[in-house]
Amino acid sequence: MSLFAAHATAGQPKVLTIGIDGLRRDAFVAAKTPHLDSLADNGTLCLETRVTSDDVTDSDTVSGPGWTTFLTGVWADRHGVLDNSFKGRDAKAAPHGFALAKQVKPNLRTASYLCWTPLRTHVTTDADIDVVVTPGKNATASTVWTEADQALAWSAIPVLKNDNADWTFVYFGSTDETGHSYGFHPSVPPYVAAIENVDRMVGELLEAVKQRETYADEDWLILVSTDHGGEGTGHGGGRENPNVYTAPMIVSGSSAMKGGTIQRAEGSAPPATVDLVTVALAHLQIPINPEWKLAGSADGWLKPESTTAEAISKQ
C-alpha cells in the first residue's frame, strides 16, 4: 500500500509542495525513484505538463519565470518575470500562493525551504517558517548544491514531523546544477544519480509526515514538479523544445485523481505548472477569488467530488 493511501474519512487538509529544479521528464522516467513512484501510484503523474504558455511568449525557459509561475499560479504576463534578473516582478498583481491563502485564512501556517536565494528575495516572502541555505563555494557546483539540498531536507524534517504548518514548500536545486555540469539527459549517469538522490530526500520528507502524531486525522496532498527540463547542459531558449518546456508533475493523496491522463473540457488549457497554486488552494478549502486572476485549474488533478474544486471549475 502506498505511504499516502486514502484515508477512510478526510481530515485536516495539509499540503507539501516539492520543487525539483531542472527535472527532465525522460531522465525522471529512467531514474530509480521509488518514493516519487509511490506518490504517482496514489495520484496522478503527468509527463506532459507545460512550464510555458503559448499565449505568453516573452518569458524564457529559465528558473526565474519558471519558479515564479510555479509559486504564484500565473504566467509572466501577470507576475512580470521574464528571466533570472527578476526585473519586472509584480508582487502586487501576482502574490505568492501563501499570501493568497492567508487572505482567506489569516491563521494558515506556512513554511518555505530553499537554496536559490533570488526566490526568497522576489517571491517566497510570505512564509511563517522561512529557511534559506546558501550553497558553499569550496567544491564543484553540483556537490555544494547536493549538500545544500540535504541541509534543507534535514531542516524541514522536524517541522513536517512536529509543526502544525498547513502548507510547506521544499526546493531542491542539485538536479539543475548537475545538469549544467554534466548534461540533462537520461544517458548521463551523474544527472540520473542526482535525481535518484533527490528521490531519497523526498522519501525522508514523506517519512517525517507519516510519523506525525496527528497524521491519522490529516489529509495530505503532495505536489511535485519543476521549473523546466533541459537539453545538453542548458535550458534557456527552450520554448520550442519539448525536453525543456514539458515536465513531470505529480499530485498525490486521497483527494487526487488516479492515473496519468488529465481529462479536461475541449478548448481548456493543457496541464501546466501554473495549476499548482490552484490545486493547493482547492485542497486547503480556500475559494478562489476571481480578482486573483489565477491562470491554473484543478480540473483533472483533484477528484470532482471535492466541493472546492467544483466551485473553481464553474467560475
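This report walks through a few helices and strands of a predicted model.

## Ground rules

Residues are counted from 1 along each chain as its sequence is written, and side-chain values use heavy atoms, with hydrogens and water left out. Because the model is predicted, local features need pLDDT of at least 70 and side-chain atom pairs count only at pLDDT 80 or more, while totals for chains, interfaces and linings use all residues.

Helices (H or I, at least four residues) and strands (E, at least two) are DSSP runs, numbered from the N terminus.

Let's start with S3, residues 110-114. Five of its five residues are buried, meaning under 20% relative accessible area with a 1.4 Å probe, protein chains only. Thr110, Ser112 and Leu114 point one way from the strand, and Ala111 and Tyr113 point the other way.

S3 has partners to look at, where pairing takes at least two DSSP bridges between two strands. With S5 (residues 167-172), S3 pairs in the parallel sense over four bridges; here threonine 110 has tryptophan 167 as its bridge partner.

## Helix H9 and what packs on it

H9 covers residues 189-210, and its axis comes within 8 Å of the axis of H7 (residues 141-162), crossing at roughly 10°. Axes are lines fitted to C-alpha atoms, for helices over the stretch in contact, and angles run from 0 to 180 degrees between N-to-C directions. H7 and H9 are therefore roughly parallel (angles under 35 degrees; over 145 is roughly antiparallel, 65 to 115 roughly perpendicular and the rest oblique). The contact, meaning heavy atoms within 4.5 Å, includes Trp154 and Ile157 of H7 and Met201 and Leu205 of H9.

H2 (residues 34-41) packs on H9 as well, at an angle of about 60° with the axes 7 Å apart, so this pair is oblique. On the H2 side, Pro34, His35, Leu36 and Leu39 make the contact, and on the H9 side Asp199, Arg200, Val202, Gly203 and Leu206.

## Helix H11

Finally, H11 (residues 275-283) has nine of its nine residues buried, so the helix is largely enclosed by the rest of the structure. Among them are Asp275, Thr278 and His283. After H11 comes glutamine 285, with a positive phi near 60°.

Key: Buried means under 20% relative accessible area, exposed over 50%, partly exposed in between (1.4 Å probe, protein chains only).
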